[in-house]
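This briefing is meant for a reader who is meeting the structure for the first time. Please look over the sequence and the model shown here before turning to the points that follow.

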Amino acid sequence: MLKQKFILAFGAKLGIALITAVTGIVVARLAGPEVVGTIGYATAFVSIFSFITSLFGPAHVKLVSEGQNEADCLKTYAVLQIISVVCFSIGVMVYLAIQKYLFGHQFENPRMFIVICITLITVSIGNFFIFSQTVFDAKTEQVKANAPEFLRSILYSALRIIVVALSMGVVALALTNLVSCLVVIPYAYFLLRKLNFGKFDTSLAKKYLLIAYPILSIVIVQSLMTYSDKIILEYFGDTKQIGYYSAAFSIGGMLILLGNTIGTLFFPIFSSLLAKKDTQQVATKIFQFERFIFIFILPIIMGLSLFAHPIMVTLLSSRYAASAPMFSLLVFSSFFIIWGMPYANVISALGLFWLSSRIYFVNFFVFSITLLVCIHPKLMNMGGVALAITQVVMNLFLFLAYYYFAWRKINVQFIKEQFKFILFWVILYGVSYYLLIPSLDGFSKYISSFVFFPLFLISIYVLYVLFGLLKRSDITILFQLLSPKASLQYVRSELKQN
């Protein structure tokens, strides 16, 4: 059942990412990097305060998975989330007013103020989807957790294509997200309607706050690291650079979502197992997951990183050639997110939120120093590439930190099992980067993307077999994950409960 929960969670989010990425390609080609950059900047401007609404989700998952009264948890979480959304909206409006009227900051795009206001309304309303998803993530009901957002993404993508095809402008493009939220909210409510919302419990609220308090520093730092780089890039550069980076990130985000899927699924499972002190079962699941990503995920990531230039130019046109090095770094960085997520969940499941907050606090300094050195005009002056390098450095640091402390807490040296894969890829990536890729410069981007990239992946699996890295049991697990019959049975069993 865990395999089906994982594949449905990842499949739904991969579907969302694919739809978003394909739509993003169309929008980027038709609208240009300036429009993409304007939307990206407005999203960053608003979302930098999203830490306010991100405090109570992990607490809800932890408390429900530990066996607290679910009905009272639902009511308490709902009240706390509403309060946080109000505080978030006020915070963004005050910040915008200070920027515009106190400091007299003039945005590069004259419509930026309107786009920011629309984005604020959209993000505020969109928190209802986050609430719904968190509620069902806590119950590990992945169909209900992901269905509303999946439908919203389909509608949003369709509206975006219509707007850019009709050349309706950046304001209309921003409105498409708001409209899609409003249309799909009734369905999210439909899924929640049969849940038993108990009473607001003051003692439970204190538990939420006690868990949220150390998380506060984590989510503040996460918001700053996720969104401040775009704001800083606009200050030192322009929205076109943000457009290049946003285009690369929107496609690379398909891989980053895998790490997030792991987190939402493994956190309640690990929390339950570690509450019973069953560290061996946790270790077994991590071993199985690591082997899977090294065999089936890492080849794709490395291939995308190596073939970044022909892929980006093929998908987005030569106007986005500057996005290629950013994309190459971002997909490489995404593997550290994927690989490190189970270890982060071990720390969270053990309730060591203060340890996580200290790790993120140190990581913020790593992020700040790296970004400053790479982006400042008087230092390396790397533009949008600076943001991608910063992502690699900070995600590598997070992986190493969480791995170290997870190893210390449950006394399992995971990396020994995967050392042969690490050595294989260090050698192969180096040889490919310096010898293979330069030899393909004489071929067109289409041949590189549609012929040599698939051949590269096939060659990897041939080498896996020759070096004994791929076993029959790995193929069996893959087919179990992709089994439509097992997934359909799980979907039916979950929806019957509604």
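This is a predicted model: local features need pLDDT of at least 70, side-chain atom pairs count only at pLDDT 80 or more; totals for chains, interfaces and linings use all residues.

- Most residues other than glycine have a negative phi.
- Serine 167, although not a glycine, has a positive phi of about 55 degrees, and with a relative accessible area of 65% it is exposed, because exposed means over 50%.
- Serine 317, which lies in the loop between α11 (308–316) and α12 (324–349), likewise is not a glycine and has a positive phi, of about 85 degrees.
- Serine 317 has a relative accessible area of 17% and is therefore buried, the cut-off for buried being under 20%.

**Packing of α3 and α4**

- Helix α3 (residues 57–65) packs with helix α4 (residues 70–102) at an angle of about 175 degrees, and their axes are 10 Å apart; because angles over 145 degrees count as roughly antiparallel, α3 is roughly antiparallel to α4.
- On the α3 side the contact involves Gly57, His60, Leu63 and Val64, which meet Glu70, Cys73, Leu74 and Tyr77 in α4.
- Sorted by class, this contact of α3 with α4 has five nonpolar, two polar and one charged residues.

**Cysteines**

- Cysteine 73, one of the α4 residues that meet α3, has 0% relative accessibility and so counts as buried.
- Cysteine 181 also counts as buried, at 3% relative accessibility.
- The structure holds zero disulfides.

Definitions and conventions
Residues are numbered from 1 along each chain as its sequence is written. Side-chain values use heavy atoms; hydrogens and water are left out. Axes are lines fitted to C-alpha atoms, for helices over the stretch in contact, and angles run from 0 to 180 degrees between N-to-C directions. Helices (H or I, at least four residues) and strands (E, at least two) are DSSP runs, numbered from the N terminus. Angles under 35 degrees count as roughly parallel, over 145 as roughly antiparallel, 65 to 115 as roughly perpendicular and the rest as oblique. Contact means heavy atoms within 4.5 Å. Ala, Val, Leu, Ile, Met, Phe, Trp, Tyr, Cys and Pro count as nonpolar, Asp, Glu, Lys and Arg as charged, and the others, Gly among them, as polar. A disulfide is a pair of cysteine sulfur atoms within 2.5 Å. Buried means under 20% relative accessible area, exposed over 50%, partly exposed in between (1.4 Å probe, protein chains only).
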